[in-house]
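Please read the points alongside the structure shown here.

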Amino acid sequence: MGEDSDESFTKRLREAERRAGQLEEGQKVSVVDKEEQSLPALALRAGTEMISALVVGVAAGWGLDRWFHTRAIFLIIFALLGGSAGVLNVWRLVKPPEQ
Amino acid sequence: MAGGSSIDVLGQFELRPVLGGLGEALRFSQSPLYMILAACLVLAFLYFGMRPAAVVPGRFQAAAEVCYEFIRSMAVDTIGPEGAAFFPFIFTLFFFILAGNYIGLLPFSFTFTSHIAVTLALAVMVFLLTVIVSLRAQGFRFFAHFMPAGASMYLAPLLIPIEILSFLSRPVSLSIRLFANMVAGHVMFDIFASFVIMLAGFGVVGDVFAIGPIAINMALVALELLVGVLQAYVFAILTCIYLREAVAH
């Protein structure tokens, strides 16, 4: 009896997880994904990833401008590159796992 | 911290000299004091937990062993067999942050993880470690990771800077995540606590309605207990993931 109900519970849990789209068949869930499945947590993480890349880009551009005594050319280039790196970070976060 | 009708939510993060004249002379603020306290707490927990060294562990020893096993399996499962070498570092990192987050939840205490200087220092330490480990494990092939495989050579001037910036943004995002979570939690505590004081000024009706913010604050304490352990865990697991990439050939 005990074992039976255990098995049926596991089966129903699997079913429910599959319906909710949380568990693909035969796909291993990574540890981080499991912890950060909630939408606000993911949104916060995506936000920080994007902001931090932009911060690094702007800081690098500003530093290079100071170093070479140019006015804002590196800042403009690196702000754009930093924004792109932020999008890349977010894509790495949300992209479907590789087969 | 919030007095009267004005809400001063950031006052709780201010650094002040502690320990009287000696602290004043040394510029010794709450932040290092609570860091020392956190380190001592973790050490005491492990020392007194493991002192019996019984074959059948008591409660305290069982708790210490669970912590050890948890971090060890996380390090070895994520990084691979080489993870055992990094286990002490990750253990220290996880429990230092966890102790900092939890000590900060006690009334009248200070959360040192709510300062970007602290979290950035931790993240930069992790970042430098991963770079050194990468260079030792992979040599100059490490730099090949900055060019995505299969991309056209004409795109290299664009792709390589983006990859480098993406790589450099790791410590920044690692530190901002912990810092922002801690600051947000403590600011919310302060806001709802000051609502209680404001409502108390409206007589009996205010007293009744003040139950609302108190209930929210109690729920927030539960949420912060979760956030505290989750952020320490995320910091540790991301360190593991970066180290796995570093030791991979």
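1. B:Val229 is located in helix α8 of chain B. The model is a predicted one, and in it B:Val229 has a relative accessibility of 30%, so the residue is classed as partly exposed; that class lies between buried, under 20%, and exposed, over 50%.

2. B:Val229 also belongs to a nonpolar surface patch, together with B:Tyr102, B:Met188, B:Val221, B:Leu223, B:Leu225 and B:Leu226. The accessible area of the patch amounts to about 530 Å². Helix α8, which spans residues 211-247 of chain B, is the largest contributor, supplying 5 residues.

3. The unreviewed UniProt entry annotates residues 33-50, 84-104, 116-137, 143-166, 178-202 and 214-243 of chain B as "transmembrane region". Such annotations may be inferred rather than shown by experiment.

4. Two of these annotated spans may be compared with the model. Residues 116-137 of chain B are 100% helix and 0% strand, with 31 Å between the end C-alpha atoms. Residues 214-243 of chain B are likewise 100% helix and 0% strand, and here the end C-alpha atoms are 43 Å apart.

5. Is B:Gln61 buried or exposed? This residue, placed in helix α3 (residues 59-79) of chain B, has a relative accessible area of 3% and is therefore buried, the cut-off being under 20%. Leaving aside residues up to four places away in sequence, B:Gln61 is in contact with B:Gly49, B:Met50, B:Pro52, B:Ala53 and B:Ala54.

Terms used: Residues are numbered from 1 along each chain as its sequence is written. Chains are lettered from A and ligands numbered from 1 in the order in which they are written. This is a predicted model: local features need pLDDT of at least 70, side-chain atom pairs count only at pLDDT 80 or more; totals for chains, interfaces and linings use all residues. Side-chain values use heavy atoms; hydrogens and water are left out. Helices (H or I, at least four residues) and strands (E, at least two) are DSSP runs, numbered from the N terminus. Patches are made of residues with over 30% relative accessible area and no salt bridge: like charges are joined within 9 Å, nonpolar side chains (Val, Leu, Ile, Met, Phe, Trp, Tyr) within 5 Å. Accessible areas come from the Shrake-Rupley method with a 1.4 Å probe; for residues, only the protein chains shown count as cover. A salt bridge is a side-chain nitrogen of Lys or Arg within 4 Å of a carboxyl oxygen of Asp or Glu. Buried means under 20% relative accessible area, exposed over 50%, partly exposed in between (1.4 Å probe, protein chains only). Contact means heavy atoms within 4.5 Å.
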